[in-house]
Amino acid sequence: MQFKTTRLLFLLFTAISIPASAQDAISRSWTSFTQTIDVQADKEVTFKLTGKIKVITEDPEGVAGLWARVDNKNKETGFFDNMMDRPATSENWTAYTIEGSFDQEAKTLSIGGLCMRNGDFYFDDLKLLIQDENGDFVEAPIQNASFELSTTKNPLSGWSSGIVEGEQLKIKEYDPQVTEDSTAGTQAILIKGRGVTPPRPMEIVAEDGYTPQMGVLVSMLDAMKERVEGSVQKHSVYELDYLMDEKANSIGALIMHLAAAEKLYQVMTFEGRFFNKEEEEKWGAALDLGASGREAFKGHEVGHYLDIYNEVRAETKKELAKRDDAWLQEEIPGAGMTNFYGWFHVMEHQSSHLGQILLLQKRIKPEEKVEEILPSETIKN
């Protein structure tokens, strides 16, 4: 299905229907639903997302909203609004609007609804309006915009239950249902939030299972690793392999480099030595990067690299749990630094290369699609 103007082209994204029960449920203090469309424009284009929301809750933090996000070609977020500066709290059906824009840098536009904490959150009659060349707002197609196609088995039919296209997350605390309490048509969507606890504050605290300083160290290591993972998890193989120039490192190689450096500090701090021959053969290219890294690390999905990174981190945390705060102050043999400083450097190292990854993301050129040219029947015969 296509929705065209002379200025831009909108391609409706068909959400992948994956039963939520196919995934393990996770625990979280909010939930959302979304649809995503590809967008192209040669100048700034204004859009409006409208919808009706009702909130029934005794939780002072129980709120809802519409949300919209523009993702640019360079992996950065363009426009974003989730209404959390003006959340929906009324017990009566109320109309809300998000107004935003995208330009020639935009790649996709994601829209949907969200709710936080405990309560009954009702959504209905969502509309996406795009301004055309005459300045008029034209309605773009949304699947199941008023939830008339929703069923008991699939309340969010046509929508993805998350903030990413095709993502189907099951949040333990939230139960989407079909309701006849609607404003447009005969149905609406009701998301019941129960048993939600406040999220942990954005602070560095000692992780359970470790001595105090060790727990703080692990918390910081994992926080930085999560940022690295979040920055690369949507990359294609082409983007992971992309080289800015003949001397550059690829993003895939940099993920391997982080894993290799952490592995080196494992043997340095836990065993008081450097890589042996076998370890050097396994990790040397990733540790040194350069020509050997460019040759060794290509053609893999992002999961390949993150699985290795996760395995290394799991071993790090297993070993740190065996040690105490006094061990952190001991010196690493032959390294001229304490164990604490060594693991601080691992965290610092992650931060440094995260900056490099973010820079490389902005330099990735769009992948050129090469069409296969087949010989004519005359030539073949």
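# Legends to the close-up views

**Figure 1. β8 supplies five residues to the lining of the largest pocket, the largest share of any contribution**. The model is a predicted one, in which local features need pLDDT of at least 70 and side-chain atom pairs count only at pLDDT 80 or more, while totals for chains, interfaces and linings use all residues. Residues are numbered from 1 along each chain as its sequence is written, and side-chain values use heavy atoms, with hydrogens and water left out. A pocket is an open set of points on a 1 Å grid over the protein atoms alone, where a 1.4 Å probe fits and protein lies on both sides within 12 Å along at least five of seven lines; its lining residues have an atom within 4 Å of a point. Helices (DSSP runs of H or I, at least four residues) and strands (runs of E, at least two) are numbered from the N terminus.

**Figure 2. The largest pocket has a volume of about 1100 Å³**. This volume is the space filled by probe spheres set on grid points that are joined across faces, edges and corners. The lining comprises 33 residues, and R69, D71, I163, V164 and K234 lie nearest the centre of the pocket. Two or more lining residues come from each of β3 (30–41), β5 (63–72), β6 (77–81), β8 (106–116), α1 (212–232) and α8 (339–363). Domain 1 (30–193) and domain 2 (212–362) each give at least three residues to this lining; the domain bounds come from an automatic or database assignment. By type, the lining holds 10 nonpolar, 12 polar and 11 charged residues. Here Ala, Val, Leu, Ile, Met, Phe, Trp, Tyr, Cys and Pro count as nonpolar, Asp, Glu, Lys and Arg as charged, and the others, Gly among them, as polar.

**Figure 3. D325 in helix α7 (residues 325–328)**. This residue is buried, at a relative accessible area of 17%; buried means under 20%, exposed over 50% and partly exposed in between, with a 1.4 Å probe and protein chains only. Residues up to four places away in sequence aside, D325 touches T211, P212, Q213 and M214, a contact being heavy atoms within 4.5 Å. D325 and Q213 are 112 residues apart along the chain, yet their C-alpha atoms are separated by 5.9 Å.

**Figure 4. D125, a residue other than glycine with a positive phi near 55°**. D125 belongs to strand β9 (residues 119–131). Its relative accessibility is 11%, so D125 counts as buried.

**Figure 5. L289, in the loop between α4 (277–288) and α5 (290–296)**. Phi of L289 is near 55°, a positive value in a residue other than glycine. L289 is buried, with a relative accessible area of 8%.

**Figure 6. K170, in the loop between β10 (137–140) and β11 (174–179)**. K170 counts as partly exposed, at 38% relative accessibility. From C-alpha to C-alpha, K170 and S27 are 8.6 Å apart in space, although 143 residues apart in sequence.

**Figure 7. R363 in helix α8**. R363 is partly exposed, its relative accessible area being 43%. When neighbours within four places in sequence are left aside, R363 is in contact with Y242 and M244.
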